[in-house]
Amino acid sequence: MKRPKISDIRATTVTVPLEAPLRHSNGAHWGRFVRTIIEVETDVGIVGLGEMGGGGESAEAAFRALKPYLVGHDPFELENLRFMICNPTASLYNNRTQMHAAIEFACLDIMGKFLDVPVCDLLGGKMRDAVPFASYMFFRLPNKDTGEGETRTADQLIEQTLALKKKCSHKLKSGVFPPDYELEVFRAWAKALGPDSVRYDPNAAFSVEEAIRFAKGIEDLNNDYYEDPTWGLNGMRRVRENTTMPLATNTVVVNFEQLATNILNPAVDVILLDTTFWGGIRPCVKAAGVCETFQLGIAVHSSGELGIQLATMLHLGAVLPNLVFHADAHYHQLTDDIIVGGPMRYQNGTIEVPTAPGLGVELDRDKLGQYADLHKTLGGYPYDRDPSRPGWFSVVPNTRWADPKNDRVVGY
């Protein structure tokens, strides 16, 4: 049987609308996700799919530049692919880890289609048929066209979360408003959710001292963990020494060197594995194995996915024996998707792992064209800026908080 070889790579940037702009500690998603969709063609007619974000910008040109590296490569040779694209010393000058992830997704998709098995079977086989997800909530600006969708007050946050109440774990992305205001909102939200567990993630906006003070204000709640309250391993370690809650991160342990440092001198208890940030699905599986060895918790992190990357998260979640925390997903914030059949559906807070060969999703060509045209019309946006605060930018630790009384609708 002839093994496939890569013959071409195509990159298409799409813009898919969100229900409303999502705010975070260092900016916002301006009412849409900008994602670069990758199609890796082979000489046997199989096409593999990948996906990458980019902070509101296109990555098409960067992927085009990788074509000479890829043409003629065997997609089964994934270790060669890793060093060819992101050798740890060579790529100091052109960090390609996230690009490698998108291409690895596509190669695994090719392998699964070639062998007629789902990707999870290539990774050790399913431990579960469906992956449970937390309701991932944000402070949001109003939709500029409808004026709807704002999340600024405790009542708004509670109403929107209860609409997703089939889930039993809930996360608030925060670090937007003054800490005392967010503490009041978070406590009211947790109370309204009854016995469900909660997570607070200020995106490393707090100083160590503010992070400890905030921790004391929420330690009595049913917390899964306290995510990235401050920046850096040393800062996280100091917070960890002063709270009873487990600490989690997707910012300061995102590679194996950092993971080793954290094991030797613990600062974080739960590692949030992101199939993009870690460079692919396989590195996440490897990292989960290290965490299993040293009894560190894990969860699956979300970085603004469409259906292709969501499929990678589902296959990852399917094979990890030590996945005890519900996964994160921005996915329910979207209004549409670019895969056949439209957005994947939640059932009782879970999404089923695709069973078709490869990643188990296919591109909807009409949707791909529609949202590629929308990107050409709207262009990109600066992820690290907030359209409601012209001239603002964040600092670490942050002291430049948004005004919780400001309810105006802004353009973006």
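Q: Is Thr249 buried or exposed?
A: Thr249 is buried, at a relative accessible area of 0%. Buried means under 20% relative accessible area, exposed over 50%, and partly exposed in between, with a 1.4 Å probe and protein chains only. This is a predicted model, in which local features need pLDDT of at least 70 and side-chain atom pairs count only at pLDDT 80 or more, while totals for chains, interfaces and linings use all residues. Residues are numbered from 1 along each chain as its sequence is written, and side-chain values use heavy atoms, with hydrogens and water left out.

Q: Where is Thr249 found?
A: In strand β11, residues 247-249. Helices (H or I, at least four residues) and strands (E, at least two) are DSSP runs, numbered from the N terminus.

Q: And what is Thr249 in contact with?
A: Leaving aside neighbours within four places in sequence, Thr249 is in contact with Asp228, Met236, Val268, Val270, Ile271 and Leu272. Contact means heavy atoms within 4.5 Å.

Q: How far is Thr249 from Gly232?
A: Their C-alpha atoms are separated by 9.9 Å, and the two residues are 17 apart along the chain.

Q: Asp228 is on that list. Which residues does Ala204 touch?
A: Asp228 again, along with Pro229, Thr230, Trp231 and Val396, not counting residues up to four places away in sequence. Ala204 lies in the loop between β9 and α8 (208-218), and counts as buried at 5% relative accessibility.

Q: What is phi of Ala204?
A: Near 65°, which is a positive value in a residue other than glycine. Asn348 also has a positive phi, near 55°, and is likewise not a glycine.

Q: Is Asn348 buried or exposed?
A: Asn348 is exposed, with a relative accessible area of 60%. It lies in the loop between α12 (307-319) and β14 (350-352).

Q: Back to Val396. Which peptide bond there is cis?
A: The one from Val396 to Pro397, with omega near -5°. Pro397 is in the segment after α13 (365-378).

Q: How far apart are Ala204 and Cys107?
A: 34 Å in space, C-alpha to C-alpha, and 97 residues in sequence.

Q: Now β9. How many of its residues are buried?
A: Five of the five residues in β9 (197-201) are buried. Ser197, Arg199 and Asp201 make up one covered side, and Val198 and Tyr200 the other.

Q: Which strand is joined to β9, parallel or antiparallel?
A: Strand β8 (residues 169-173) runs parallel to β9, and five bridges join them. Two strands pair if DSSP finds at least two bridges between them. His170 has Val198 in β9 as its bridge partner.

Q: What about Arg199, what does it touch?
A: Not counting residues up to four places away in sequence, Arg199 touches Ala134, Ser169, His170, Lys171, Leu172, Phe186, Trp189, Asp224, Tyr225, Phe325, His326 and Asp328. Arg199 is buried, with a relative accessible area of 0%.

Q: Switching to β5. Why is it called largely enclosed?
A: Because five of the six residues of β5 (47-52) are buried, the strand is largely enclosed by the rest of the structure.

Q: How does β4 pair with β5, parallel or antiparallel?
A: Antiparallel, over six bridges, with β4 covering residues 32-42. Glu41 has Val47 in β5 as its bridge partner. The two strands form a hairpin with four residues between them, and Gly45 in the turn has a positive phi of about 90°.

Q: Whole chain, then. How many helices and strands?
A: The chain has 13 helices and 14 strands. Its radius of gyration is 21 Å, close to the 22 Å that the globule rule gives for 412 residues, so the chain is as compact as a globular protein of that length. The radius is taken over C-alpha atoms, and the rule is 2.2 Å times the number of residues to the power 0.38.

Q: What share of the chain is buried?
A: 58% of the 412 residues count as buried.

Q: What box do the C-alpha atoms fill?
A: Roughly 65 × 50 × 45 Å, taken along the principal axes.
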